[in-house]
Structure formats: structure tokens, C-alpha cells
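Please keep the sequence at hand while reading.

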Amino acid sequence: MDKFVYYRGKTGTCWYNFTESLAYLITYRPTPEGITYTKRIPYGNERQQFINTYCRNDLKDVKKPLFIYIHGGGWISGITDMRNTYIQNYAKLGFYTASIAYTYAPEKIFPAPLQEICNAVDYLFDHAEEEKYDTSEILISGESAGGYYIFFLAALAGDKSLAGKLGLTFRHNEEFSIKAMISHCGCVNLKKLLDPNCPQSRFPDMKMMVTSLLGMKYDKARAFLETDEGYMTYPHVTDKFPPTFFTTAAGDWLRYEGYDLMKEYKALGIPYDTYEGTGILRNHAWTIVTIVKKGRECLDKTLDFVLPYIEKYEFDRQEK
């Protein structure tokens, strides 16, 4: 890997994790009564290979649907716990929630973080009977770069040959399916994210983030993304994708990623709905901040869309 790309990416990791620490202080809420929070369950041997889970105590011995969350952070950062207050909403509804951590770029470059996420999903399938959650009823969500990873999971679920083409080991790929997805300001199309003619490329530090994921300088990365091999480094929407709820933000350059993806969904006839954050939610990925009124409004609209796709279960949306 180019040394400049590596050290610039590592500097970005430090800075963005510092800013996420501040956001965590603002958004933190304690674990609700009647819910068990289990931290840092290892799915591998490395520091960032862990899962955090929530489960309602009254559902411990009862079959329940599975909610998987993948954090963002521009591929280079992300404090998993900072998403807990959002994820708690799904635990209160009755989901077993699993928040997946993974190694940041440029410490690992594509496809290594995606392989870790596949390993985490394999771990969840391996322990489904033990923890009593239903792997046939999966809802997945992620924000920012986490959107990239959930769209890749959708691509792997829709095309069972894709894992082999990418050199991934995904033991439960044949059984893996997704009932619905929630993308909060997801950044997905690496080619557009580096193209100065596309508005999403204007997101702060986007060049640094994408080049860190790919492990190559900007000019080389842009040329690489024009190749067949480069085309495989980001997920592509097909008619096999699950129904998806998109949130965007009025002050976020990455809203154009959401707009483009929704056009693809519409062309393919895939069900979707959307919410655009304004006011306090007008900034990137703040639609996950459900401690404010607008965030709860977004959550309510999200649940209206996704919960009917979790067909085996009924949900009491009154506060637990």
C-alpha cells in the first residue's frame, strides 16, 4: 500500500473517532430496564472483530427476529457504541439486535473488512439456536459507510455466486436472506464518490476515505474503478434486493447517493420509502438520533415501512 495513503487514512481514523466520541457523549442513553446489553462478543481473534447485542429479558427463551446493524465512519472509523441509542429502539420492539464492528481501513483494505462482516454473520447463524433468534427474519441497517456494507450483504444474498467472485468465505451464504433494509445516508457507489462531476464526491474527506478503503492514491483509484476488477469493489443494485427504507439529509452531499439509489429501485420495481432529515437532522446520518422529536418521527416512518416485511412476528410499538 502507498505510505501516504496509509498514514493519511490513519490520521483520519484518529480525528473521526475523536469526533464520534463527542457525538457519543451527546447521544448516550443507558440501557433500558428489562433489556440485557452484551458487549464485545468476539467473532474473531482481532481487536475490532466483535459484536454488541441487546435482547429483551422477557424474550430470552422465545424465538425472535434478528436486527443487524453495521456502523459507518467513512470506512476509516466508527465507535460501535455510539449507535446504541438508535439500536435500543429495535431491541425494545422485540428484535435480537447485533451491532457488528470491523477493522477500519487503511489497516485493512477491500475486501478484508467485508470478509470480517461475513464472518460476523456466520457467527450469528452459528449461535441462532443458542440465543433463540430467527435467521429467516432478518432486518439490516447501517449508516454512511455502513450503508455500503449492508448493500453488499444484499448483493451477496441476491447472487449466491458473488462471494466466490470476490474471494470471500461466507459459510451461510446459501441460507442468508434479508427481509428489509434501512440505509441512513449510505455511501455506496465508489466510482461516483470519486468522480468530481458527481455531487456526492463533495462530501468532506471523501477522497481520503475511498482511497483508504482501496489502498491506492486518487488517480490510480479512479482508473482502477473503471476496470472490471474495480467494478467489483462496490455493490450494484439488482431486482433481488430487499425492500429498503432510505433516509437522507437536506444538508448532506451524500443525499445524492440516496437519490441515485432510489432511481435504481424505482426502475427495478423494488419497494422503497424515504425520509429526508431537515432542521436538527439536516446533517449527515443524524436521522439515527432518535432522542430528538424529528429523529423519532423518522423512526416511526421507518417502522411503518419495514415491520410489515417481518411477517412471522407482531410488534407492540408502545414504549417498553
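## Asn283 and its loop

Asn283 sits in the loop that runs between β8 (272–277) and α12. With a relative accessible area of 40%, Asn283 is partly exposed. From the C-alpha atom of Asn283 to that of Val306 the separation is 23 Å, and the two residues are 23 residues apart along the chain. The model is a predicted one, and the values in this report are computed from it.

Glu129 belongs to helix α4 (residues 128–131) and Lys63 to the loop between β2 (50–56) and β3 (64–70), so the pair ties together parts that are 66 residues apart in sequence. Glu129 is exposed, its relative accessible area being 60%, while Lys63 is partly exposed at 38%.

Another salt bridge is formed by Lys179 and Glu311, with the closest N and O atoms 3.6 Å apart. Lys179 has a relative accessible area of 22% and is partly exposed; Glu311, with 61%, is exposed.

## A buried pair and its network

The side chains of Arg83 and Glu143 meet in a salt bridge of 2.5 Å, N to O. Arg83 lies in the loop between β3 and α2 (84–93), and Glu143 lies in strand β5 (residues 133–143), so this bridge ties together parts 60 residues apart in sequence. Arg83 is buried, with a relative accessible area of 1%. Glu143 is buried as well, with 4%.

Which residue joins Arg83 and Glu143 in a network of salt bridges? The network links Glu20 with Arg83 and Glu143. Glu20 is among the buried residues of α1.

## Arg255, buried without a salt bridge

Arg255 is part of helix α11 (residues 255–268). Arg255 is buried but has no salt bridge. Leaving aside neighbours within four places in sequence, the contacts of Arg255 are Thr248, Ala249, Ala250 and Glu276.

Helix α1 has 25 residues and spans 36 Å from its first C-alpha to its last, close to the 36 Å expected at 1.5 Å a residue. Its buried residues include Val5, Gly9, Gly12, Thr13, Tyr16, Asn17, Ala23 and Thr27. Among the elements that cover the buried residues of α1 are α2 and α8 (206–214).

Which residues form a nonpolar patch on the surface? Trp15, Phe18, Leu22 and Leu25 do, and together they have about 470 Å² of accessible area. Leu22 is found in helix α1 (residues 3–27), and at 42% relative accessibility Leu22 counts as partly exposed.

Definitions and conventions:
Residues numbered from 1 in each chain as written. Predicted model: local features only at pLDDT ≥ 70, side-chain atom pairs only at ≥ 80, totals over all residues. Heavy atoms only, no water. Helix = DSSP H or I, 4+ residues; strand = E, 2+ residues; numbered from the N terminus. Buried < 20%, exposed > 50% of the residue type's maximum accessible area, 1.4 Å probe, protein only. Salt bridge = Lys/Arg side-chain N within 4 Å of Asp/Glu carboxyl O. Lys, Arg positive; Asp, Glu negative; His and termini not counted. Contact = heavy atoms within 4.5 Å. Patch = residues over 30% accessible without salt bridge, like charges linked within 9 Å, V, L, I, M, F, W, Y side chains within 5 Å. Areas by Shrake-Rupley, 256 points an atom, 1.4 Å probe, with all protein chains shown as cover. Expected span 1.5 Å × (residues − 1).
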